[in-house]
Amino acid sequence: MEKVTAKKHLGQHFLKDESIAKDIADTLNLEGYDDVLEIGPGMGVLTKYLLEKPINTYVIEIDTESVTYLDENYPKLKDKIISKDFLKYNVNEIFEGKQFAIIGNFPYNISTQIVFRTLEYRDQIPEFAGMFQKEVAQRICEKKGTKAYGILSVLAQAFYDAEYLFTVDENVFIPPPKVKSGVLRLRRKKDYSLPCGEKLFFTVVKTAFQQRRKTLRNSLKTLNLSDSLREDKVFDLRPEQLSVEQFIELTQKIEADGV
């Protein structure tokens with residue numbers, strides 16, 4: 001079969017540098033799980049290195065042309081190619097509640113949604129690694145006090161240790177994207193349960209950053225907090241000035257306030 005044509009509407013940029021593909025595959029430590037799910041394998045440049053590892057490799061691919069290519073060129077993937085949209089697919093049809101890792105050279109247009117989806121499945125995903133648009137990868141790993149620090153940073157780092165690994169130039173893709181890429185790794189924390197309501201924590205973080213230039217006293221108005229709580233000094237701060245731990249403490253205070 002001919003090689004797969006990159007499709008703009010799917011955000012496809014096929015990695016052509018084998019050494020980078022191997023480096024990405026090697027980011028996984030393979031501890032605590034027997035299965036790995038690669039999202040958007042395209043023509044399998046990363047897949048071939050995953051298949052060399054002592055682990056069960058599954059791939060999920062929305063592009064039917066790629067699915068046909070993988071089926072014809074990677075016999076080791078027999079019965080492990082999922083022709084679905086990861087953002088809509090119930091992964092437990094395959095993993096049935098088991099632990100698994102996620103990896104991929106993610107399409108830029110859905111990469112943040114992949115992170116949010118991973119957070120939904122955090123009880124089953126101890127490790128996550130992949131390539132993003134560089135700015136997005138940096139944002140996920142960013143610490144407090146910068147413009148890049150935001151919702152993705154706080155939510156990902158609440159449950160995972162985030163590490164920016166390396167930058168990838170545009171010219172190693174077909175077609176080349178207009179921006180550089182970055183590879184990161186998330187490793188789930190040993191104790192990743194939060195000492196506060198997790199649903200409220202998500203609400204507080206997202207609401208705070210929706211108006212990131214305002215102080216928390218203004219940006220969290222919609223939560224109908226008591227006047228006494230709003231006197232707390234933390235409400236003088238803007239969301240980018242709070243660490244993950246401070247967001248947890250803030251959520252605890254709001255819980256105690258009766259929200």
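Where is the place of Cys196? Cys196 sits in the loop between β9 and α8 (198-210). Helices here are DSSP runs of H or I with at least four residues, strands are runs of E with at least two, and both are numbered from the N terminus. The structure is a predicted model, in which local features need pLDDT of at least 70, side-chain atom pairs count only at pLDDT 80 or more, and totals for chains, interfaces and linings use all residues. Residues are numbered from 1 along each chain as its sequence is written, and side-chain values use heavy atoms, with hydrogens and water left out.

Cys196 is buried, with a relative accessible area of 10%. Buried means under 20% relative accessible area, exposed means over 50%, and partly exposed lies in between (1.4 Å probe, protein chains only). Residues up to four places away in sequence aside, Cys196 touches Phe201, Ile248, Thr251, Gln252 and Glu255. Contact means heavy atoms within 4.5 Å. Ala162 is 34 residues from Cys196 along the chain, and 21 Å separates their C-alpha atoms. Cys141 also counts as buried, at 13% relative accessibility.

A disulfide is a covalent bond between the sulfur atoms of two cysteines. The rule applied here asks for a pair of cysteine sulfur atoms within 2.5 Å. By this rule the count is zero.

Thr251, one of the contacts of Cys196, belongs to helix α11. Its relative accessible area is 0%, so Thr251 is buried. Besides Cys196, Thr251 is in contact with Gly197, Leu200, Phe201 and Val204, leaving aside neighbours within four places in sequence. Thr251 and Phe201 are 50 residues apart in sequence, yet their C-alpha atoms are 5.7 Å apart in space.

Two helices illustrate how buried residues are arranged. In helix α1 (residues 18-25), the buried residues are Ile20, Ala21, Ile24 and Ala25. They lie on the same side of α1, because they cover an arc of only 140° around the axis. The arc is that of the directions from the helix axis to the C-beta atoms. These buried residues of α1 pack against β1 (14-15), α2 (47-50), β5 (100-105), β6 (127-133), β7 (160-168) and β9 (181-188).

Helix α7 (residues 151-159) is mostly covered, with eight of its nine residues buried. The buried residues are Leu152, Ser153, Val154, Leu155, Ala156, Gln157, Ala158 and Phe159. Their cover includes α5 (111-120), α6 (134-141), β7, β9, α8 and α11 (244-256).

A pocket is an open set of points with protein on both sides within 12 Å along at least five of seven lines, and its lining residues have an atom within 4 Å of a point. Grid points are joined across faces, edges and corners, and a volume is the space filled by probe spheres set on the points. The largest pocket has a volume of about 730 Å³. It is lined by 39 residues, of which Phe14, Gly40, Pro41, Gly42 and Met43 are the closest to its centre. At least two lining residues come from each of β1, α1, β2 (35-39) and β8 (173-174). By class, the lining has 22 nonpolar, nine polar and eight charged residues. Ala, Val, Leu, Ile, Met, Phe, Trp, Tyr, Cys and Pro count as nonpolar, Asp, Glu, Lys and Arg as charged, and the others, Gly among them, as polar.

The second largest pocket holds about 200 Å³ of space. Its lining consists of Ala6, Lys7, Lys8, Gly11, Gln12, His13, Pro175, Pro176, Pro177 and Lys178. Four of these residues are nonpolar, three polar and three charged.

Pro175, one of the residues lining the second largest pocket, lies in the loop between β8 and β9. A cis peptide bond joins Ile174 to Pro175, with omega about -15°. Most peptide bonds are trans, and most residues other than glycine have a negative phi. Leu30 is not a glycine, but its phi is positive, near 65°. Leu30 is found in the loop between α1 and β2, and counts as partly exposed at 24% relative accessibility. Asn224 is also not a glycine and has a positive phi of about 55°. Asn224 lies in the loop between α9 (216-219) and α10 (227-230). With a relative accessible area of 67%, Asn224 is exposed.

Note on methods:
On a 1 Å grid over the protein atoms alone, a cavity is a set of points where a 1.4 Å probe fits but cannot get out, and a pocket is an open set with protein on both sides within 12 Å along at least five of seven lines; lining residues have an atom within 4 Å of a point.
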